[in-house]
There are 2 protein chains.
Amino acid sequence: PAAAQEAQNREAFRQAVVNTLERRLFYIPSFKIYRGVAGLFDYGPPGCAVKANVLAFWRQHFVLEENMLEVDCPSVTPEIVLKASGHVDKFTDLMVKDEKTGTCYRADHLLKDFCKEKLEKDATLTAEKGAEYKHILAVLDDLSPEELGAKIKEYGITAPDTKNPLSAPYPFNLMFQTSIGPSGLSPGYMRPETAQGIFVNFKDLYYYNGSKLPFAAAQIGQAFRNEISPRQGLLRVREFTLAEIEHFVDPEDKSHPKFAEVASLEFLMFPREDQVSGRSERKLVIGEAVAQGIVNNETLGYFIGRVYLFLTHLGIDKERLRFRQHLANEMAHYAADCWDAEIESSYGWIECVGIADRSAYDLRAHMDKSGVALVAHEKFAEPKEVEKLVITPIKKELGLAFKGKQKMVVEALEAMGEKEAMEMKAALESKGEVDFRVCTLEKDVTIKMNMLTISKEKKKEHQRVFIPSVIEPSFGIGRIIYCLYEHSFYTRPSRDGDEQLNVFRFPPLVAPIKCTVFPLVQNQEYEEIAKRIAKSLIAAGISYKIDITGTSIGKRYARTDELGVPLAITVDSTTSVTIRERDSKKQIRVSIEEVSSVVKEVTEGLSTWNDVLWKYPTHSS
Amino acid sequence: PAAAQEAQNREAFRQAVVNTLERRLFYIPSFKIYRGVAGLFDYGPPGCAVKANVLAFWRQHFVLEENMLEVDCPSVTPEIVLKASGHVDKFTDLMVKDEKTGTCYRADHLLKDFCKEKLEKDATLTAEKGAEYKHILAVLDDLSPEELGAKIKEYGITAPDTKNPLSAPYPFNLMFQTSIGPSGLSPGYMRPETAQGIFVNFKDLYYYNGSKLPFAAAQIGQAFRNEISPRQGLLRVREFTLAEIEHFVDPEDKSHPKFAEVASLEFLMFPREDQVSGRSERKLVIGEAVAQGIVNNETLGYFIGRVYLFLTHLGIDKERLRFRQHLANEMAHYAADCWDAEIESSYGWIECVGIADRSAYDLRAHMDKSGVALVAHEKFAEPKEVEKLVITPIKKELGLAFKGKQKMVVEALEAMGEKEAMEMKAALESKGEVDFRVCTLEKDVTIKMNMLTISKEKKKEHQRVFIPSVIEPSFGIGRIIYCLYEHSFYTRPSRDGDEQLNVFRFPPLVAPIKCTVFPLVQNQEYEEIAKRIAKSLIAAGISYKIDITGTSIGKRYARTDELGVPLAITVDSTTSVTIRERDSKKQIRVSIEEVSSVVKEVTEGLSTWNDVLWKYPTHSS
């Protein structure tokens, strides 16, 4: 009941936020006059301004600060690129169909809903059954289509809308498909992420950077995901803006020259071990987390710190922001380490930024598919004698033993690292054969002495050629903005106490409009002054809203508090005006000549409101 | 031969520009390692920065200056929206197919190429034939599929690549088609323009604006056009960024309060009459063009003036920019007037901005399709007695006369304006019948006395309800940027005269990087100072590039001139540095403490280079 009450409070809070957001056009359901499309939303005027502010700050905080190479690639992407990246084969969700109406559902959602409902509402539930449902919720993401289908059958789950039987689950590719050109012979997709555009340009970007590592490339742009049945309103959408960074680094040196600048930051982290052992997130100093090996390397740690600074500057509450490490089963097999910046909202903890060390996976995939070398070079000052591992598969023996699967076995053998190979060599020499995991076959095979040779050879080399590792911070801009709305929203009673008023406490950096201009009463003199002030605001590049209606000043304040406007200028004389701050409601008196420079100072962060509060006479209305 | 020489020069100039652009990664053919896709280009780092600068200035110049309501809508659009807008039925090009290989071509391109080649290279051409080919080139856009097909047959035009016969021309829809959701039952398209997202939101935006006209909404975003066979390199692409404004206005009052601010601007215009009578573009004062009725109304004129200011501020040469009025056959039947900002490039005059008075067409189309009223209200201070035109079709008689076509005739009759209706009434009363054009039938019909009544009735009305007119400036951002590159490019000899060096003379506003930092020689002291300066530039929000290689300073200047970097800081002492301006190559000496503020002043346009040249000691190297 406490949990139920809390859920109800969260729901009510969310409704209050979302109602305000839609009423004030932060969002508009897209194509609303045609009854809309699930999972598509417009940013209306204030939402669009907030988004532009967030993106401008992202550019300043990441691209400019680190001298990143920003690129801008098309959304339309030919199939071969997404074949190489794995999206054509693996970017799927499991779907079931209502066998009579054909309506589609996400299979995991139906199973999840069933288990949750049982756990929450079934009073007759045995301890054993309860444990079973809880277990399913925990492993839901790992279930195969067959396992999912078996559970749906076992529990007698039917189509929620009609109670009709459901088809077996099958994978549905989540990319929007299209055709490039008129022939119908060139399939294409709307990109599911912006990262691939950067990877395919690695060679040119590396050259542009003077053939030096490390460097980072960045891209802001639309991405698409043709959800089966979008839920969670503004968080789960079919088209969204991503801002992605691909930081290319020598896999043998993942230190970061600026790590010291973030090393002492302390914030909530949730390492893998703590999750597995049932503990909660805890405050950690990022420098120590890297030193202790909790975070894999300095560069990853540096970006975690920078993301923390980015989000909290925007106004995300640091007590409701945590960095959660991926569990082993969440992480791709090639990833070295992966952390999500999760923000707590009324929907629970929401992944808003992923920060992953993807090793050389993406570059290698495109190198294999395109045949173009996507590598970096380290030139030696003088030639170096190096010991190189040489693995030579004896194809004849392997062919006899593995037939059609020979290719996968050979690839897996050749991909062994030095340590693994030398261990195999020792094992083969002592035991004659050894079990060997072939990931692409999803099983162990037996390797015998006569199937390969492993040796170390000395060679003179002039340079080291290698595929860089990539560390990828990837930002879901829409999700960050939505969480920011929840963290910024509060209500307070109106002056006469008979109404609750909504306020967004956006920092000036984020606020859609920086200030308003109100003539206190309707007269021509004040209106002229208001227009003069508006002109000086335009010249200073400050967005403003002028309201010359005769509405009471209190109502006009309330209206713009609801848009999160930080400062309101009221024209109440012909020589000076008042400036009122949104959250404290305190006012200062400033001359007409100075007003735009004071607003600029505060909204551009050169001074705080408290600074100017000391400098100018206060005003009480 | 003079014309041929000029064409050759243009081609050589274009090659020089494009080579520089691609070598310095302003552009990268998208998915280059997979051999690219025709009509898709990436913006590499400097190109991406130029684009961001152009868009930021667009926001400042239009959105902020006019307090426009900016929105951000998805690219994925359901079919019904584009059915209403006419794109599903009419956004097509005529295509022919190679009958053996299936390769597709644009029918008009083949005919155009044939006629041009004949005119340029066929020495045996008779005067008569020459005139025929010229005529075809002039009316090319107006030819029906049948006429195009007949000409292709008559001239024996075959597939350019194989000489195989061609199919008859048929329309190919240029939208990228996709499917929304998993059912396959919801067709969707990638939007061909951003404007529709604004029109469908008119009702909410009008309310947001306090239910007042005029107001403008704006949107920046991607648009898509699945070209049959893209040519013209960077100008004709399949995905591009549009920036569109929809200015909603009372059709009975198209004056603009700020028109006086642009009225005295003088620039090249090319009115319809001058084109028809074979004259050239000429300088006109926009205020006079509106006063003389050459431009339909003040609001249209205001935007033409604002577009002129926008483009020339970016660095477009005002002598190679003209505003060309659409000919009658180019303009949609509903448009009141339409002007294109055309920029002269090596491809000829290129349409970069369209500025159209589209009347109430778009809002009416969506109102009809959705059933939602997209109207504005003018409340009268007190009820007004108005004389209203009442047209009452007698459906029985019309049905007898026109059968299945009755609906089109009725709609056309009801759509008559007051003047037209009263003329018809007079004609019917004198002659008993009258010819009447029905556009949707594409023919005249005969209307008789007994088919309708036309009268004027007096009514008391409390408000006027009307569909606003929309004036739409629509900017092809990629085209503007490409033309800007051509207008900014020049070459000059290197110091020793043995090489031609490339320079882009971008204004600081546009320049991808605002300044460079070069230690004159490689030593630690200078590098430390360079890094200190870099830090102060970051803090000031100025993009920079640091180059600490030992390359000669002349080469480092040349490298960044080619990127259009306006200012170069050279560290040649531990107390002061030099700043060199790109085009004049003049240098001043500034203390290390002041350098970032001087760069900021010049690059943000607060001072010109000439201002600071007076203030600081000059330096000669």
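Author: Start with a proline. B:Pro214 sits in the loop between α9 (202–208) and β10 (215–224) of chain B. Keep in mind throughout that this is a predicted model.

Reader: What form does the peptide bond from B:Leu213 to B:Pro214 take, cis or trans?

Author: The angle to read is omega. For the bond from B:Leu213 to B:Pro214, omega is near -10°, and the bond is cis. In chain A, the peptide bond from A:Leu213 to A:Pro214 is also cis, with omega near -10°. A:Pro214 belongs to the loop between α9 (202–208) and β10 (215–224) of chain A.

Reader: Through what surface do the copies meet?

Author: Compare the interface residues of the two chains. Of those in chain A, 100% are also interface residues in chain B, so the copies meet through the same surface.

Reader: Next, helix packing. At what angle do helix α1 and helix α17 of chain B cross?

Author: Read the angle together with the distance between the axes. Helix α1 (residues 2–23) and helix α17 (residues 477–488) of chain B cross at roughly 110°, and their axes come within 10 Å. Angles from 65 to 115 degrees count as roughly perpendicular, and α1(B) and α17(B) are therefore roughly perpendicular to each other. The crossing of α1(B) past α17(B) is right-handed. On the α1(B) side, the contact is made by B:Phe13, B:Arg14, B:Val17, B:Val18 and B:Leu21, and on the α17(B) side by B:Tyr482, B:Tyr485 and B:Glu486. By kind, the contact residues are six nonpolar, no polar and two charged.

Reader: And how far apart are the axes of helix α2 and helix α12 of chain A?

Author: The axes of helix α2 (residues 45–64) and helix α12 (residues 298–314) of chain A are 11 Å apart, and the helices pack at an angle of about 145°. α2(A) passes α12(A) in a right-handed crossing. Among the residues that make the contact are A:Phe57 and A:Trp58 of α2(A), and A:Leu309 and A:Phe310 of α12(A). The contact residues comprise eight nonpolar, two polar and one charged.

Reader: Which value of phi does A:Asn67 have?

Author: Phi of A:Asn67 is near 55°, a positive value in a residue other than glycine. A:Asn67 is in the loop between α2 and β3 (69–71) of chain A, and is partly exposed, with a relative accessible area of 35%. A:Lys585 also has a positive phi, near 60°. A:Lys585 lies in the loop between β27 (576–581) and β28 (587–591) of chain A. With 42% relative accessibility, A:Lys585 counts as partly exposed.

Reader: Last, is B:Asp274 buried or exposed?

Author: The cut-off for buried is under 20% relative accessible area. B:Asp274 has 2% relative accessibility and so counts as buried. B:Asp274 lies in helix α10 (residues 272–276) of chain B. Apart from its neighbours within four places in sequence, B:Asp274 is in contact with B:Arg279, B:Ser280 and B:Arg282.

Definitions and conventions: Residues numbered from 1 in each chain as written. Chains lettered and ligands numbered in written order. Predicted model: local features only at pLDDT ≥ 70, side-chain atom pairs only at ≥ 80, totals over all residues. Heavy atoms only, no water. Axes fitted to C-alpha atoms, helices over the stretch in contact; angles between N-to-C directions. Helix = DSSP H or I, 4+ residues; strand = E, 2+ residues; numbered from the N terminus. Left-handed = near helix turned anticlockwise from the far one by under 90°. Contact = heavy atoms within 4.5 Å. Nonpolar A, V, L, I, M, F, W, Y, C, P; charged D, E, K, R; others polar. Parallel < 35°, antiparallel > 145°, perpendicular 65-115°, else oblique. Buried < 20%, exposed > 50% of the residue type's maximum accessible area, 1.4 Å probe, protein only.
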